[in-house]
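Visitor: I would like to go through this model and ask what stands behind each label.

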Amino acid sequence: MVKVEICVGSHCSLVGALNILETLEKLQEEYPEQIQIERVECMDMCENIKKAPVVKVGAELITSAQTQMVISKVMERIK
Amino acid sequence: MSKLKGIYTDIVKIRRMVFAELARLALKDAECEEFDKIPYRIIDTEEATYRSSIFKERAIVAARVRLGLGMDYETNQEHKLLSEGIRNFLKNDNQLKEPLVNVIRFACEKCPTNAHFVTNNCRKCLAHPCSIVCPVDAITIEEHAAVIDQEKCINCGKCKKACPYEAIVNYERPCAAACGVDAIESDDYDRAKINQDKCVSCGQCIIACPFGAIADKSMIFQLLKSIKRGEDVRAIIAPSFVGQFGPLVSAEKIVASLKELGMKEVREVSLGADFASLHEAELFAEDIPEKQPYLGTSCCPSWTYAADKHVPEVKDNISESSSPMIFAAQSVKEDNQDSKVVFIGPCVSKKLEALSDRVKDEVDYVITFEELAAIFVAADIELTKVDAEEEIRDASYYGRAYANAGGVAEAIRQNLKEKYEIDPPITKADGLAECKKTLIKAKAGVLDGHLVEGMACEGGCVGGPGTLLETTRGAKYVTKFADESPYKFAFENDKLNKKDK
């Protein structure tokens, strides 16, 4: 089971967090037992958008996250 | 629907960064010179990231800044600082004018127009069915592969279907493929050019261009300046707004955030939708079929522009009723005479509707959800952490469901059934190409007696170019929010006057 925390605050949502979330949720439908998604409020780690979106896959913090990056990290952990 | 809709790309990122920069400068009352720095703030690398050259990347951002301020597109033929043009624009009326949707010409990569090509999947097979099925004898089998004579080819697609190796592709300009009214042509340099006599400003080409070469104008700056001047700005927000700002941001939080931004009040446009659906039901009951053969809905401006520009014979049968936006704005202005009204929605063509003589005194500004999300970032408003207590209950279930394809006709039909005992046949046009086809059918008399709904964006307003959410996801939020409405039918809405029900 991998836990993914995804920030859905104003900054992260503007720069793609909603799209990452959507792809993650579709992936979760395929692996319902293995992925846990938590939508979290602003974690104050985006340094005023420069490092947004912010996503945590397990204990690993990903800044300036992109969909393909997050998905591949998640897949690594569930395989 | 464009394949790019709902995918977050670098184009989307740059577009939103420009919006956020414009909002930032408006909010801090920056000097004009500050605008010259925007291309460098957004493209802050030393080498090109996205295109052939970093200078081109910055020049394109500069063009986006101009359009974002509402200025006209300008060819780069004269040495001029970005700020010089901006100073003149702001000194004068700083009013956005047509054309709304513009090609940033030097950003256009001159994609070939609609054509069939043979790829190297071709095995030069013995059967070569491609050439046999071609009705204009355009295919010859050359030394290595089949070759299509582009002069002869009529793009019927028969060869593509016949090929056993998927070797033939239909190559379309993405902007032109997204345009439902064939408004994209080519200029003398083979770059995309929008024929304004055909364009209905739906904005789908903006989303579809994979090089980010098409942009619309915005009113971000004008709106924020109005708030900064202390004007009584009130917002009306379109029914597709729920969920657009993230899964933790409720409708109530969006309203509270708008107030934090400086809006005196926020009303649902769905209130206007309730009004409009009642009005259109009344028109239908009175006029169809005796005085008028069928009734087209009025709420989607690109649909009505498509009728005006492409099938003018049907114009009189598209409802004269005002759109939900106009009704909602009027209700705000009746209660607050000196107020300014901003419409916040998913829609690009509403910007044009708001500029028309009929509407310009009712609606002062139009911005999209995407633009608003950038404004929130610039204003440092963290939506997930805003306190919201006030409940919003301006509209009925059917008024809120207006944002989904089919929702408008359904709302009117419910009123007709409940109030007039009429259950009309319904025709729904989903997407601009469908709209045009439907208008042509209507002209031919095929739709007599029908209630005809036209939505230029596929999926309805939730599929609008100004949204942040993928269309089907937006639609789910809309339905859920409609379910939470205090009223089912428009005529049950306490906020409407008795005479309007």
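The talk below goes through the labels one at a time.

Guide: Some conventions come first. This is a predicted model, in which local features need pLDDT of at least 70, side-chain atom pairs count only at pLDDT 80 or more, and totals for chains, interfaces and linings use all residues. Residues are numbered from 1 along each chain as its sequence is written, while chains are lettered from A and ligands numbered from 1 in the order in which they are written.

Visitor: Why is chain A called as compact as a globular protein of its length?

Guide: The radius of gyration is taken over C-alpha atoms, and the globule rule is 2.2 Å times the number of residues to the power 0.38. For 79 residues the rule gives 12 Å, and chain A has 11 Å, which is close, so the label applies. The C-alpha trace of chain A spans about 35 × 20 × 20 Å along its principal axes.

Visitor: What does the rule give for chain B?

Guide: A compact globule with 501 residues would have a radius of gyration near 23 Å; the 24 Å of chain B agrees with that. The C-alpha atoms of chain B fill a box of roughly 80 × 60 × 40 Å along the principal axes.

Visitor: Which domains does chain B have, and where do their bounds come from?

Guide: The bounds come from an automatic or database domain assignment. For chain B the assignment gives domain 1 (10-108 + 195-218), domain 2 (115-171) and domain 3 (222-496). The centres of domain 1 and domain 2 of chain B, taken over C-alpha atoms, are 41 Å apart.

Visitor: Why is helix 12 of chain B called largely enclosed?

Guide: A residue is buried if 20 or more other C-beta atoms lie within 10 Å of its own, exposed if 12 or fewer, and partly exposed in between, with C-beta atoms placed from the backbone. In helix 12 (residues 301-310) of chain B, 7 of the 10 residues are buried, so the helix is largely enclosed by the rest of the structure. Among them are B:Trp303 and B:Tyr305. Over chain B, 53% of the 501 residues count as buried; for chain A, 38% of 79 do.

Visitor: What makes helix 15 of chain B count as mostly covered, and what covers it?

Guide: In helix 15 (residues 369-378) of chain B, 10 of the 10 residues are buried. They include B:Glu370 and B:Glu371. The cover includes helix 1 (10-14) of chain A, as well as helix 10 (251-261) and strand 12 (340-345) of chain B. After helix 15 of chain B comes B:Asp380, with a positive phi near 60°.

Visitor: How do you know that strand 9 of chain B is enclosed, and which strands does it pair with?

Guide: Strand 9 (residues 233-237) of chain B has 5 of 5 residues buried, so it is largely enclosed by the rest of the structure. B:Val233, B:Ala235 and B:Ile237 lie on one side, B:Arg234 and B:Ile236 on the other. Two strands pair if DSSP finds at least two bridges between them. Strand 9 of chain B has 5 bridges to strand 12 of chain B, running parallel, and 4 to strand 10 (residues 265-268) of chain B, also parallel. B:Ile237 has B:Glu268 as its bridge partner in strand 10 of chain B.

Visitor: What makes strand 11 and strand 14 of chain B edge strands?

Guide: In chain B, 3 strands form an open sheet in the order 11-15-14, with parallel pairing. Strand 11 and strand 14 (426-430) of chain B each have a single partner strand, so one side of each is left without a neighbour in the sheet.

Visitor: What makes two residues of chain A and chain B a contact, and how many residues take part?

Guide: Two residues are in contact if their C-beta atoms, placed from the backbone, lie within 7 Å. By that test 15 residues of chain A touch 21 residues of chain B. Helix 1 of chain A gives the largest share of the chain A side, 4 residues.

Conventions: Helices (H or I, at least four residues) and strands (E, at least two) are DSSP runs, numbered from the N terminus.
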